[in-house]
Amino acid sequence: MNLTPATDMRTTLDPADVQALTDRIEAAQKGATAIPKLTEDFPGMTLGDGYAVQLALLERWLKEGRRQIGWKAGLTSQAKMIQMGVDVPTVGFLLADMARPESSVITTEDLVHPRVECEVAFVLKTALGGRDCSRADVLAATDFVVPAIEVIDSRFSGFRFDLPSVVADNSSSARYVTGGRALEPDALALDTLGVVLEKNGEPVAMGASAAVMGHPAEAVALLVRVLAELGHELPAGSFVMSGGITEAIAVKPGDFVCARFQDLGSVAVRFG
Ligand code: OOG
Ligand code: MG
């Protein structure tokens, strides 16, 4: 497992290829269609190239008037890395229109093959940035934490990808739901929070928040360091998801999912 910030942000694609790959990802996301991994056509793609596509997609959508609410870290637990066969954490952007209300029905028609994850989300009261951001910096900047379900949806066939491809696909971001209750970070033991993910009333995955890099704030610090490499930082008010604690669970229409977090309450959602 490689939990150090990915520093190889070298880019090899020319701007026209970045735009062509951004078109491809945008079409797959908007049309909910599965596409081959980008590395099939561009085998030399690097992590930096993946981020170049992701940031081009973000820029395009912000120009269209979509609003960014924050970022997410992904592949921050061993369960997720083993499930996906990728051993480097990634980041992705979160837009306000990807949020869905707790207890609502999330339609699957506009998704390829959704999966759910349980995550601890952070909301910042002060800005965070820099290549040396630490767990302590994250905790000092955190207003409150809330429990969240992330609905991920890889746009790659069979939900199989490699690092540059998944990064270009915005780290499989699709939807997210918050619920339960918000607590200040020092009001709970953030590293030993138990979580049980239930599908249709049955426990299907369980774990403890320490599975995320020993402490979820460590994953947020890593995200800040990766963003620093990309020339970004987190403004005050940012919403940040720290990564799935357990492996992700596939969902289909009719499924009811509830993530029960120790101390933070539960988040439930239905799929239609
Ligand atoms: C990549 C996104 C991972 C997480 O919480 O680990 C992620 C994927 O597994 O498709 O969001
Ligand atoms: Mg996630």
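Visitor: How many charged residues are in the lining of the largest cavity?
Guide: This is a predicted model, in which local features need pLDDT of at least 70, side-chain atom pairs count only at pLDDT 80 or more, and totals for chains, interfaces and linings use all residues. Residues are numbered from 1 along each chain as its sequence is written, ligands from 1 in the order in which they are written, and side-chain values use heavy atoms, without hydrogens and water. On a 1 Å grid over the protein atoms alone, a cavity is a set of points where a 1.4 Å probe fits but cannot get out, a pocket is an open set with protein on both sides within 12 Å along at least five of seven lines, and lining residues have an atom within 4 Å of a point. With Gly counted as polar and Asp, Glu, Lys and Arg as charged, the lining of the largest cavity has seven nonpolar residues, six polar ones and, as charged residues, five.

Visitor: Which element gives the most to the lining of the largest cavity?
Guide: The cavity holds about 110 Å³ of space, a volume being the space filled by probe spheres set on the grid points. Its lining has 18 residues, with Leu 75, Lys 80, Ile 152, Ser 171 and Ser 172 closest to the centre. Two or more residues come from each of β1 (68-74), α3 (78-84), β4 (115-124) and β5 (142-152), which are DSSP runs (helices H or I, at least four residues; strands E, at least two). The top contributor, with three residues, is β1.

Visitor: Where does ligand 1 sit?
Guide: The shell around ligand 1 has 16 residues, the closest being Leu 75, Lys 80, Glu 117, Ser 172 and Gly 244, each with a heavy atom within 4 Å. Taken alone, ligand 1 exposes 320 Å², and the protein buries 100% of that (Shrake-Rupley method, 1.4 Å probe). By the criterion that more than half of its atoms lie within 2 Å of the grid points, ligand 1 sits in the largest cavity.

Visitor: How far is a polar side-chain atom of Lys 72 from an oxygen atom of ligand 1?
Guide: Backbone N or O atoms of Leu 75 and Gly 244 each lie 2.7 Å from an oxygen atom of the ligand. For the polar side-chain atom of Lys 72, the distance to a ligand oxygen is 2.8 Å.

Visitor: Which element gives the largest share of the lining of the largest pocket?
Guide: This pocket has a volume of about 230 Å³, and Gln 29, Lys 30, Trp 61, Arg 66 and Arg 175 lie nearest its centre. Two or more lining residues come from each of α1 (15-31) and β6 (173-178). The largest share, three residues, comes from β6.

Note on methods. Polar contact = N/O pair within 3.5 Å; in protein donor to acceptor, adjacent residues only side chain to side chain.
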